[in-house]
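The structure under review is shown first.

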Amino acid sequence: GSVYSVTSTCTEPETLGNANVTGEIELSIRYNFQAVTLEIHIKACKKLAYGDEKKKRCNPYVKTYLLPDKSPRSKLKSTVKKNSVNPVFNETLRYNIERSQLDTRTLQVSVWHCTMLKRKVFLGELLIPFVDWKFEENFTQSYNWYHLRDKILPGQKN
């Protein structure tokens, strides 16, 4: 039989997460007091890295968590946009959560490239702590561009 080298393929998460992080994401954050929901309006991204550098291809989608909760119920995802480094999403992701609980939460927004093989490539992320967030103010509800960054590892506590 033949021997396969596992390390030369791209199956380990470390090798997947290393697209050169570039670009920005445009979003707004609103708290809907009537519906008791946090609404994250994902508008667009620009100048994303190619998830597949060789083929110059990028099929981005956006994923959010309300940290410290990393459970599946805290995860929300946008649709995948085919072949664009400047995707327009115009989607709203909603969390049913009491306003009082948001002071201890941090919104993690990450952008990923989805391959045909359902592999994921990390394209960048940002963290927005809500500890001093003014949900009542109009200016915090408007769209803003945020720079995407490399993975942020908060004091490894797992």
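Is Lys47 buried, partly exposed or exposed? I looked up Lys47 and found it exposed, at 58% relative accessibility (exposed is over 50%, buried under 20%, partly exposed in between, with a 1.4 Å probe and protein chains only).

I noted that this is a predicted model, in which local features need pLDDT of at least 70, side-chain atom pairs count only at pLDDT 80 or more, and totals for chains, interfaces and linings use all residues. Residues are numbered from 1 along each chain as its sequence is written, and side-chain values use heavy atoms, with hydrogens and water left out.

Entry on phi. Most residues other than glycine have a negative phi. Lys47, not a glycine, has a positive phi of about 55 degrees, and I located Lys47 in the loop between β2 and β3 (strands are DSSP runs of E, at least two residues, numbered from the N terminus). Val36 likewise has a positive phi of about 55 degrees without being a glycine. Val36 lies in the loop between β1 (24–32) and β2 (37–46) and counts as partly exposed at 30% relative accessibility.

Entry on omega. I found a cis peptide bond from Leu67 to Pro68, with omega near 5 degrees. Pro68 belongs to the loop between β3 (60–67) and β4 (76–77).

Entry on the sheet. I recorded an open sheet of 4 strands, ordered β5-β2-β1-β8, with antiparallel pairing (two strands pair if DSSP finds at least two bridges between them). β5 (88–96) and β8 (144–147) are at the edges with a single partner strand each, so one side of each has no neighbour in the sheet. Antiparallel β1 and β8 are joined by 4 bridges, and Leu27 stands opposite Asn144 in β8.
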